[in-house]
Amino acid sequence: MNITVINGTEHRGCTFAMKELFLTAMGEGHAVTEYVLPRDCPAFCTGCKACFYRDISVCPHARYTVPIWESILAADLLIFTSPTYVFHVTAQMKALLDHYGTKWMAHSPEAPMFRKQAVILVNAIGQGMGKTAKDIKDSLDFWGVAHTTVIKQAMFQAKWEDVSDKRKTAARKKCEAAAARVKSVKTIKPRLKIEGIFAVMKMAQKMIDKGERKAGREHTKDYLYWKEHGWLDGKKPWK
C-alpha cells in the first residue's frame, strides 16, 4: 500500500507520536511518503485564482504544491495529522488545503480520489478536536475521498513523555482499531455522502451552464472538465 502522510506541524509532540502508533499498527511492507508543514509548503495561498483559470501547475507555489498533490494522487491511503490550535487546524495545514480548492467537486475533482481511504489524526490538550478534524475532512470529502476515519485523543499534556499511560494506551488502541478497519477494506467505493455531493455538484454544473448559455457566455472551464470526463452524461469517477 502506498501511504502519503501530511504532518500539520514540524513539532514532534503528541500528534506525531499518535501518527507513529498508527503507522506501527499498519505493519510493514508499505511505501510511506511524508511531508512536514510548513517545511514542505511554507507559502500561503494568495488568492490569485490561477489554478481555477488553468490548473495547479501555474500556482505561484507550484514547486511545493504540485509534488505534494502528485503524491496524494499516487497514494492508496492518506494520513493527515494536526494538533488543535485554538479549536482549529494548524495555520500551515489550512494553507496547504487552500491551495487545492480547485480540486473540490464544485470545480475539477480528480477520479483517483474517489478510490482512496484517508485517516485524520488530531490531538488536543483539551477541547476542539472535532472542529480540527472537520477542517481537514471538509477538503477530503469534497475531493471525493471514499472513506475517511477520524482518530481523536485528548492528551491533556503538551509533551508525549508527560502523557499518562492510560491515555497513551487509549491512543494506541484507537490507532490499532483504525488500522484494522483500513486494512479490512477490499473494495473501495465512495460512501453515500460522497455520492450525494457528486450528484449535487453534477446538477450545479448543469444549472450554472444553463445560466451562462442563456446570458450568451461560453461554457465554464469546470463544465467543460466535467463534460470531458463524461460525468454529466451518466459516468461516475469511481466506476
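Student: Why is Phe198 called buried?

Tutor: Happy to walk through it, with the reminder that this is a predicted model. Phe198 has a relative accessibility of 3%, and buried means under 20%, so Phe198 counts as buried.

Student: What makes Phe114 and Phe198 an aromatic pair that is edge-to-face?

Tutor: Two values decide this. The ring centres of Phe114 and Phe198 are 6.0 Å apart, and the rule asks for centres within 6.5 Å. The planes stand at 85 degrees to each other, and over 60 counts as edge-to-face. Phe114 sits in the loop between α4 and β4, while Phe198 belongs to helix α7, 84 residues apart.

Student: How do you know that Phe198 and Trp238 form a pair that is edge-to-face too?

Tutor: By the same test: their centres are 5.3 Å apart, with 75 degrees between the planes, against cut-offs of 6.5 Å and 60 degrees. Trp238 lies in the segment after α8 and Phe198 in helix α7, so this pair ties together parts 40 residues apart in sequence.

Student: Why does Trp238 count as buried?

Tutor: Its relative accessibility is 10%, and the limit for buried is under 20%, so Trp238 counts as buried.

Student: Which residues do ring pairs link into a cluster?

Tutor: The cluster holds Phe114, Phe198, Tyr225, Trp226, Trp231 and Trp238. Across the whole structure, the search finds 12 aromatic pairs.

Student: Now the cysteines. How many disulfides does the rule count?

Tutor: The count is zero. For Cys45, the nearest cysteine sulfur is that of Cys51, 6.5 Å away, whereas a disulfide needs the sulfurs within 2.5 Å. Cys59 is in no disulfide either, with the sulfur of Cys48 nearest at 6.2 Å.

Student: Are Cys45 and Cys59 buried or partly exposed?

Tutor: One of each. Cys45 is at 38%, between the limits of 20% and 50%, so Cys45 counts as partly exposed. Cys59 has 13%, under the 20% limit, so Cys59 is buried.

Student: What makes Val86 exposed?

Tutor: Its relative accessibility is 78%, and exposed means over 50%, so Val86 counts as exposed. Val86 is in the loop between β3 and α4, and its phi is near 40 degrees, a positive value in a residue other than glycine.

Student: And why is Phe156 called partly exposed?

Tutor: Phe156 has a relative accessible area of 42%, which falls between 20% and 50%, so it is partly exposed. Phe156 also has a positive phi, about 60 degrees, although it is not a glycine.

Note on methods:
Residues numbered from 1 in each chain as written. Predicted model: local features only at pLDDT ≥ 70, side-chain atom pairs only at ≥ 80, totals over all residues. Heavy atoms only, no water. Helix = DSSP H or I, 4+ residues; strand = E, 2+ residues; numbered from the N terminus. Buried < 20%, exposed > 50% of the residue type's maximum accessible area, 1.4 Å probe, protein only. Phe/Tyr/Trp six-rings, centres within 6.5 Å; stacked < 30°, edge-to-face > 60°.
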